[in-house]
Amino acid sequence: MNLHIDQAKRILVANDRGGYTVPTDRLYPFQWNWDSAFVAMGFALYDTDRAYRELERLIEGQWTDGMIPHIVFHQPSDTYFPGPSVWRTRHTIPTSGITQPPVFAIALRKLHEATGDKTRTLPLYEAALKWHRWWYAARDPEGTGLVALLHPWESGSDNSPAWDLALARVPTTTDTPVVRKDTGHVNALMRPRNEDYQRFIHLVDTYAACDWEPARQWAKAPFKVAEIQTTAILLKAGEDLEALAHEFGRMEDASEIAALNEKTRNAILAQWRPDLSRFVSRDLVSGWDIEAPTQAGFIPLLSLDLDQAVVGALVDEMKAWSKGMKVAFPTVKPGVASWEPKRYWRGPAWAIINWLLIDGLKRNGRVDDAEKLRKSTITAIEAEGFAEYFDPVTGEGCGGLGFSWTAAAYMWLV
Ligand code: 2M8
């Protein structure tokens, strides 16, 4: 019996708030979109009913236009900022007004494979397809195949150096007073800086003034990034939705999704930069490539069967970043000026990112490299516990503790 698996399950019990799981107590007291998808995959290993509940509770927050918001505020809590009164979305169940990477359909396919329960999977498939269409309609209105983010929080990698240039154009003025709660729970040195929060909230104010209407937001957005990590995840979700559509005999859905997948596959391939050995995002305000060296550039491994020359270059680059690190994989290239090994998405290693990379390495035939990354992740968690993330230099567990997606990742990877 692996005691760590027991502990991981206990974390998910402790973070249960009635059929949904908070990322961790107090720091994140609501249901987060991609956290719940990772958690559902963890539950799928031993409690499929609970896994379905996790996804069912998340879609209670789905908007009529198809968006599944990044936070669903099922019950009030005063330990988090910004809460529902800042978002002003006027949704029946209070939610935020932005979204997060679409891991949901990836989790749903795994869950369906575990149960074969069409009755329970089908409504979730419908919700996922509606959201998939929303991504293309609202976040790629020009039909490029890459989807854009209008807020760094949508990436899940909130203060990544990838946003530094694009975010610098966003004013620090806000209509809403910024009253941070996060730095009361964890060390401020591990969190985004105050000016980041000013800009995050400036964006929320801007979109609330557009009544959260996608076309108005698109026209007004001071931050607009066609993002490679989210698009790569969307493509994997598209592959999984296409497989479910076939399974359910939904042939029209299947061909619609296949066409979107094909367009996105080509669009991602066009973002390969051989001189950087990475894929890059594009800043749609300036029209420039985003060259900041972050983990996002490797995530296309997850959803593309790449040429071996490209895989070789990606893997060599990944190895160079991991060299001398106690824990792989650093989310920013060690040694560059923006690298801060303890500060959130500016350098630390995250179990869920490793999970995506491990799947991507396996898909592209790099089983040994996947195995090394798997061991590094497991070892870090067993040494330090189920922390939100890890300092790759020292291995120290950082951020929130008793963290749900780290528990789910452990169960999946061990
Ligand atoms: C972090 O983001 C939230 C905002 O969504 C925050 O800092 O308040 C990110 O790590 C994000 O990826 C994650 O989903 C969320 C909850 O774990 O926390």
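This is a predicted model: local features need pLDDT of at least 70, side-chain atom pairs count only at pLDDT 80 or more; totals for chains, interfaces and linings use all residues.

I found Pro23, Tyr28, Trp32, Trp34, Asp35, His70, Trp153, Gly156 and Asp158 around the ligand. I sorted this shell by residue type and got five nonpolar, two polar and two charged residues.

Next I looked up the core. The largest nonpolar core has 130 residues. I asked which of its members touch the most other members. They are Phe38, Ala40, Phe104, Ala107 and Ala128. I followed one of them, Ala128, and left out residues up to four places away in sequence. Ala128 then touches Phe104, Ala105, Leu108 and Leu241. I noted as background that nonpolar side chains tend to be buried together in soluble globular proteins.

I then checked the record. An unreviewed UniProt entry lists residues 28-406 as "domain: Mannosylglycerate hydrolase MGH1-like glycoside hydrolase". Over residues 28-406 I read 48% helix and 6% strand. The end C-alpha atoms of that stretch are 14 Å apart.

Last, I took the protein as a whole. I counted 16 helices and 10 strands. The radius of gyration is 20 Å, close to the 22 Å that the globule rule gives for 414 residues, so the protein is as compact as a globular protein of that length. The C-alpha trace spans about 50 × 50 × 45 Å along its principal axes. Of the 414 residues, 55% are buried. Among contacts with a separation of 6 or more, I noted that 70% join residues 24 or more positions apart.

Conventions: Residues are numbered from 1 along each chain as its sequence is written. A residue is near a molecule or strand if its C-beta atom, placed from the backbone, lies within 6 Å of it. Ala, Val, Leu, Ile, Met, Phe, Trp, Tyr, Cys and Pro count as nonpolar, Asp, Glu, Lys and Arg as charged, and the others, Gly among them, as polar. A nonpolar core is a set of buried Ala, Val, Leu, Ile, Met, Phe, Trp, Tyr and Cys residues joined through C-beta atoms within 7 Å. A residue is buried if 20 or more other C-beta atoms lie within 10 Å of its own, exposed if 12 or fewer, and partly exposed in between; C-beta atoms are placed from the backbone. Two residues are in contact if their C-beta atoms, placed from the backbone, lie within 7 Å. UniProt positions are given in the numbering used here, feature names are shortened, and annotations may be inferred rather than shown by experiment. Helices (H or I, at least four residues) and strands (E, at least two) are DSSP runs, numbered from the N terminus. The radius of gyration is taken over C-alpha atoms; the globule rule is 2.2 Å times the number of residues to the power 0.38.
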